[in-house]
Amino acid sequence: MILEGPKREVIAIEVKRSSSPKVTKGFHLASEDIKATKKFVIYSGQDRFQLTDDTEVISLNTFLSELDKEDVITVESCAQSSMSYARLMRAIKIVFNGFE
């Protein structure tokens with residue numbers, strides 16, 4: 001998944017159902033192609049840690065809190081991409097159906 005923030009941040013997101021996530025070479029290559037400024041792996045665990053120098057592993061709840069806190073995704077930026085904020089949050093939560 002790719003999100004664009006209001007300050008032209010490009011956020012690459014890999015979603016893993018595993019409690020011990022690993023990312024593929026494809027994730028790193030795609031992140032390079034889109035010139036991602038931040039990379040996250042959202043997973044089913046609760047801990048937050050660095051997977052690599054530029055990739056952070058984070059829980060869904062913490063990730064959603066970070067989006068709200070940092071205003072990475074705003075109603076305005078979603079409107080520009082024709083997706084509502086609520087719809088975006090539902091889409092992310094659907095991936096994690098049954099986790100919490």
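Which residue in strand 5 is the bridge partner of Tyr43? The partner is Ser59. The analysis rests on a predicted model, in which local features need pLDDT of at least 70 and side-chain atom pairs count only at pLDDT 80 or more, while totals for chains, interfaces and linings use all residues. Residues are numbered from 1 along each chain as its sequence is written, and side-chain values use heavy atoms, with hydrogens and water left out.

The bridge from Tyr43 to Ser59 belongs to a sheet of five strands, which is open and runs in the order 1-2-3-5-4 with mixed pairing. Helices (H or I, at least four residues) and strands (E, at least two) are DSSP runs, numbered from the N terminus, and two strands pair if DSSP finds at least two bridges between them. Strand 1 (2-4) and strand 4 each have a single partner strand and stand at the edges, so one side of each has no neighbour in the sheet. From one strand to the next the twist averages 30°, with axes taken as lines fitted to C-alpha atoms, for helices over the stretch in contact, and angles running from 0 to 180 degrees between N-to-C directions. Strand 3 and strand 5 are joined in the parallel sense by five bridges.

Val10 is part of strand 2 (residues 10-15). Val10 is buried at 17% relative accessibility, where buried means under 20% relative accessible area, exposed over 50%, and partly exposed in between (1.4 Å probe, protein chains only). When residues up to four places away in sequence are not counted, the contacts of Val10 (heavy atoms within 4.5 Å) are Ile2, Leu3, Ile34, Lys35, Ala36, Thr37 and Lys38. Val10 and Ile34 are separated by 24 residues in sequence, and their C-alpha atoms by 7.5 Å in space.

Two aromatic pairs were found. Rings of Phe, Tyr and Trp (its six-membered ring) pair if their centres lie within 6.5 Å; planes under 30 degrees apart count as stacked, over 60 as edge-to-face and the rest as tilted. Phe40 and Phe63 form an edge-to-face pair, at 5.4 Å centre to centre and 70° between the planes. Because Phe40 lies in strand 3 and Phe63 in helix 2 (residues 60-70), this pair ties together parts that are 23 residues apart in sequence. Phe40 is buried at 10% relative accessibility, and Phe63 is buried at 1%. The rings of Tyr43 and Phe49 have centres 6.0 Å apart and planes at 80°, so this pair is edge-to-face. Tyr43 is buried at 3%, whereas Phe49 is partly exposed at 34%.

The structure contains four salt bridges, each defined as a side-chain nitrogen of Lys or Arg within 4 Å of a carboxyl oxygen of Asp or Glu. One of them joins Lys39 to Asp54 at 3.1 Å, N to O. Lys39 lies in strand 3 (residues 38-43) and Asp54 in the loop between strand 4 (49-52) and strand 5 (55-59), so the pair ties together parts 15 residues apart in sequence. Lys39 is buried at 10% relative accessibility, while Asp54 is partly exposed at 45%. Another salt bridge links Glu56 with Arg48, whose closest N and O atoms are 2.3 Å apart. Glu56 is buried at 17% and Arg48 is partly exposed at 39%. Lys16 and Glu14 also form a salt bridge, at 3.2 Å from N to O. Lys16 is buried at 19% relative accessibility, and Glu14 is buried at 18%.
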